[in-house]
Amino acid sequence: MSVFSASSATIVARLRAAGCVFAEDEAALLIGAAATPGGLDAMVERRVAGEPLEHVLGWAEFCGLRVVVEPGVFVPRPRTAFLIEQAVMLARDVAGTPVVLDLCCGTGAMATAVAAGLERVEVHAADLDPAAVRCARRNLPAARVYQGDLYEPLPAALRGRVDVLIASPPYVPSESVGLLPPEARLHEPLTALDGGGDGLDVVRGVIAGAPAWLAPGGHLLVETGERQAEATAEAMTSAGLSARTAYSDELDATAVMGTRVP
């Protein structure tokens, strides 16, 4: 029996009063993560104050894996599992060892999940945010993780070698950022959320640079909103990629995929 069991009912009540829908589950996670009663109290205080559970715990569950998430870093979303499924299927068709690049990688959760689904893989990742890069290096110890804006920090030797390029760039229109839940607005970096006027500023940058880095027959997979899928696919076509869009009603997810014609 946990030394914290006696306080669990109180914690559940406090979490529920703070608006936590899954108060019982969250209480169990917090109790399991705490090393001392004082540490548990501090964690509950942070959660009640509105900090994302993943930041309080220091990790997030993503595609059945536990990934490191530091405070102030974008929390990987369950819907992104759909893009991962598509990426793994495409990577498995690559002869030899597939080269995977996770751009705007955040914690590196996407690359971590893709690598977990493959027998062998060469992984690269990049992000602009130093805190995100720090997390990604912890989650991807065998990968090369670069800090910089989009393709700028990548080594020249990677150009034309990427078989699967995955990206979940910010795609929330600027005017809609204020409508996001407080957990996101107040505790995640704006650069990971705000995609500009129509939400596609960074997405277009990812697409425009992709052909130079993709191997012949390589694939670019971008997560975006359903309403933005058509414009995203058009941008891929304009960049010379063969584009298609896939949807998951179950996860409320949209993935737009472009292939560099050999």
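Q: Leaving aside neighbours within four places in sequence, which residues is Thr 224 in contact with?
A: Thr 224 is in contact with Tyr 171, Leu 200, Ala 229, Thr 232, Thr 254 and Val 256, leaving aside its neighbours within four places in sequence, where contact means heavy atoms within 4.5 Å. This is a predicted model, in which local features need pLDDT of at least 70 and side-chain atom pairs count only at pLDDT 80 or more, while totals for chains, interfaces and linings use all residues. Residues are numbered from 1 along each chain as its sequence is written, and side-chain values use heavy atoms, with hydrogens and water left out.

Q: Is Thr 224 buried or exposed?
A: Thr 224 counts as buried, because its relative accessibility is 3% (buried is under 20% relative accessible area, exposed over 50%, and partly exposed in between, with a 1.4 Å probe and protein chains only). Thr 224 lies in strand β7; strands (E, at least two residues) and helices (H or I, at least four) are DSSP runs numbered from the N terminus.

Q: And what does its side chain make a polar contact with?
A: The side chain of Thr 224 makes one with the side chain of Gln 228, at 3.1 Å. A polar contact is a pair of N or O atoms within 3.5 Å; within protein, one must be able to donate a hydrogen and the other to accept it, and residues adjacent in sequence count only if both atoms are side-chain atoms.

Q: OK, Glu 51 next: where is it found?
A: Glu 51 is found in the loop between α3 (37-48) and α4 (53-57). Glu 51 is buried, because its relative accessible area is 13%, and its side chain makes a polar contact of 2.7 Å with the side chain of Arg 46. Not counting residues up to four places away in sequence, Glu 51 touches Arg 46, Val 56, Pro 71 and His 187.

Q: What about Pro 71, buried or exposed?
A: Pro 71 counts as exposed, because its relative accessibility is 51%, and its place is in the loop between β2 and α5 (81-92). Leaving aside neighbours within four places in sequence, Pro 71 is in contact with Arg 46, Glu 51 and His 55.

Q: In what sense do β1 and β2 pair?
A: Strand β1 (residues 59-62) and strand β2 (residues 65-68) pair in the antiparallel sense over four bridges, pairing being assigned if DSSP finds at least two bridges between two strands. Glu 61 stands opposite Arg 66 in β2, and in this hairpin, with two residues between the strands, Cys 63 takes a positive phi near 55°.
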